[in-house]
Amino acid sequence: MRKLAICAALAAAFAPGLALATDGYYADGYGLKGKGRAGTGTAMATDAFGGANNPASMVFVGNRFDIGLDLFSPRRESERTGSAAGIDGQADSDSNYFLIPEFGYNKMINPNMSLGITVYGNGGMNTDYPGGQISSGTACGPATGPGTGFNPAPGPYNLLCGNGSLGVDFMQLFIAPTLAYKFTPNHAFGISPIIGYQRFKAEGLQAFSAFSSSAANLTNQGYDAAWGYGARIGWLGQLSDTVSVGVAYSTKIYMQNFDKYKGLFAEQGGFDAPESYSVGIAFKATPSFTVLADYRRINYNDIPSVGNPSARVTNCTGVGGTDPSVCLGGTNGAGFGWQNVNVYKLGFEYQSSGEMTWRAGYSHNNNPIGAQDVTFNILAPGVIEDHATLGFTYKTKSGGELTMAYMHGFNNSVTGPSLFNSFGVPAGNETIKMYQNSIGIAYGWKF
């Protein structure tokens with residue numbers, strides 16, 4: 001239990017630096033071995049990260065401890081063009097490097113039962129645009145827009161007509177104690193109660209004060225934190241000497257509200273983590289070469305603050321509308337318009353010798369952000385659709401395992417009409433873009 005406490009403490013220490021944006025805002029994989037295979041592994045047991053992947057896998061990995069650190073580098077860019085109202089602008093987000101820790105521990109209680117824990121960064125998003133792209137005397141200014149929908153303060157302004165820097169900093173850290181049981185020699189069931197912790201802040205959204213149900217809790221309130229709970233269950237079965245299959249399901253993680261941002265997120269600051277599920281197959285083509293395929297589904301659209309359409313805010317009272325419930329922070333408030341994400345992953349693992357194992361993979365998912373929701377997603381441009389990965393594990397002479405993995409998320413963009421057009425301001429079109437890289441190292445050992 002001492003090792004479990006050390007894992008949790010170290011993860012909490014690194015938590016402020018987490019920032020992910022791959023499968024939507026979820027990570028592309030958990031555990032550096034899995035990341036080297038593009039996140040595949042629902043049907044494979046290789047490390048102590050079953051609490052994040054498939055809890056049933058833990059009973060097949062034996063007594064082991066894994067610790068890893070990923071250096072993640074997302075590059076985000078936003079631009080507005082074609083505005084006849086003088087609010088064109090372009091900005092690249094700062095804060096381009098983040099450390100993401102992972103820890104796993106597993107202990108066999110008896111030959112058919114294990115107890116372990118996985119601590120990992122589940123997901124996140126960070127943007128940090130400098131202000132000043134739009135000058136004073138433009139349509140962002142005090143005398144423009146119907147009602148008081150735009151910034152009453154003088155410029156210069158950021159890309160969303162607010163003052164100062166613009167962006168969000170959001171992260172989710174999950175702690176997953178895991179119990180797994182073999183009910184036959186080749187089939188196991190596992191369950192992981194999930195303790196969730198998330199942290200958020202937003203800056204530079206002053207222009208949306210009249211769109212909010214609680215303008216004092218919309219922006220620039222510093223960090224707010226929330227805890228929550230849920231569960232993941234899984235099954236892993238070895239169907240033959242060459243084929244194994246796995247299924248895992250995670251409930252919605254029910255989180256406390258962000259009270260400091262109850263004027264931004266729907267349901268007075270609600271921000272639950274969506275349910276997800278995955279199915280996978282692993283085929284051992286030869287004794288040393290395995291092909292893996294996973295399908296993953298993340299139901300972002302079921303979380304109002306994430307999935308509600310952003311255009312809903314045009315019906316907010318105070319800005320020409322008649323419905324207070326759709327204002328930012330309202331019971332049915334506007335969100336980021338994210339659709340559900342389907343993720344298709346293909347991974348390969350080749351053991352070239354007793355010491356070396358090589359990995360590669362490719363992942364594709366649909367982009368959750370449509371053209372109609374680009375404006376709000378300047379804050380959260382999770383538009384990447386394709387990832388490629390490489391990795392390896394080297395078994396040391398002392399019996400440990402040194403693992404490294406690299407991921408590249410290919411550049412993608414979405415362009416759509418600015419939401420400001422809906423309020424009588426000829427604002428043209430906006431484009432959000434992102435690509436990303438990560439490289440990580442991990443060490444694991446059996447005991």
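## Close-up views of a predicted model

**Cys161 is buried, with a relative accessible area of 2%.** Buried means under 20% relative accessible area, exposed means over 50%, and partly exposed lies in between (1.4 Å probe, protein chains only). This is a predicted model: local features need pLDDT of at least 70, side-chain atom pairs count only at pLDDT 80 or more, and totals for chains, interfaces and linings use all residues. Residues are numbered from 1 along each chain as its sequence is written, and side-chain values use heavy atoms, without hydrogens or water. Cys161 has a positive phi of about 65°, although it is not a glycine. Its place is in the loop between strand 4 and strand 5. Helices (H or I, at least four residues) and strands (E, at least two) are DSSP runs, numbered from the N terminus.

**A disulfide joins Cys140 to Cys161.** The S to S distance is 2.0 Å. A disulfide is a pair of cysteine sulfur atoms within 2.5 Å. With -60° about the S-S bond, this link of Cys140 and Cys161 is left-handed. Both cysteines sit in the loop between strand 4 (113-126) and strand 5, 21 residues apart, and the pair links distant parts of the chain. Cys140 is buried too, at 0% relative accessible area.

**Cys316 and Cys327 form another disulfide.** Here the S to S distance is 1.9 Å. The link of Cys316 and Cys327 is right-handed, with 95° about the S-S bond. It again links distant parts of the chain: both residues lie in the loop between helix 5 (304-307) and strand 12 (341-351), 11 residues apart. Cys316 counts as buried at 0% relative accessibility. So does Cys327, at 4%. The structure holds two disulfides. Number the bonded cysteines in sequence order, and the pairing reads 1-2, 3-4.

**Backbone exceptions at Pro156 and Ser95.** Most residues other than glycine have a negative phi, and most peptide bonds are trans. Gly155 and Pro156 are joined by a cis peptide bond, with omega about 5°. Pro156 belongs to the loop between strand 4 and strand 5. Ser95 is not a glycine, yet has a positive phi of about 55°. Look for Ser95 in the loop between strand 2 (89-92) and strand 3. Ser95 is partly exposed, at 32% relative accessibility.

**Aromatic rings form a cluster around residues including Phe258 and Phe265.** The members are Tyr25, Tyr26, Phe170, Phe200, Phe258, Tyr261, Phe265, Phe271, Tyr300 and Trp338. The structure holds 33 aromatic pairs. In Phe258 and Phe265, the ring centres are 6.1 Å apart and the planes meet at 40°, so the pair is tilted. Rings of Phe, Tyr and Trp (its six-membered ring) pair if their centres lie within 6.5 Å; planes under 30 degrees apart count as stacked, over 60 as edge-to-face and the rest as tilted. Phe258 and Phe265 are both buried.

**Arg199 lies over the face of Tyr223.** The distance from the ring centre is 3.7 Å. A charge sits over a ring if NZ of Lys or CZ of Arg is within 6 Å of the ring centre and within 35 degrees of the ring normal.

**A nonpolar surface patch covers about 880 Å².** Ile109, Leu115, Leu179, Tyr181, Phe183, Phe189, Ile191, Ile233, Tyr249 and Tyr277 make it. Two elements give two or more residues: strand 5 (167-184) and strand 6 (187-203). Strand 5 gives the most, with three. Patches are made of residues with over 30% relative accessible area and no salt bridge; like charges are joined within 9 Å, nonpolar side chains (Val, Leu, Ile, Met, Phe, Trp, Tyr) within 5 Å. A salt bridge is a side-chain nitrogen of Lys or Arg within 4 Å of a carboxyl oxygen of Asp or Glu. Ile109 sits in strand 3 (residues 98-110). Ile109 is partly exposed, with a relative accessible area of 49%.

Key:
Areas by Shrake-Rupley, 256 points an atom, 1.4 Å probe, with all protein chains shown as cover.
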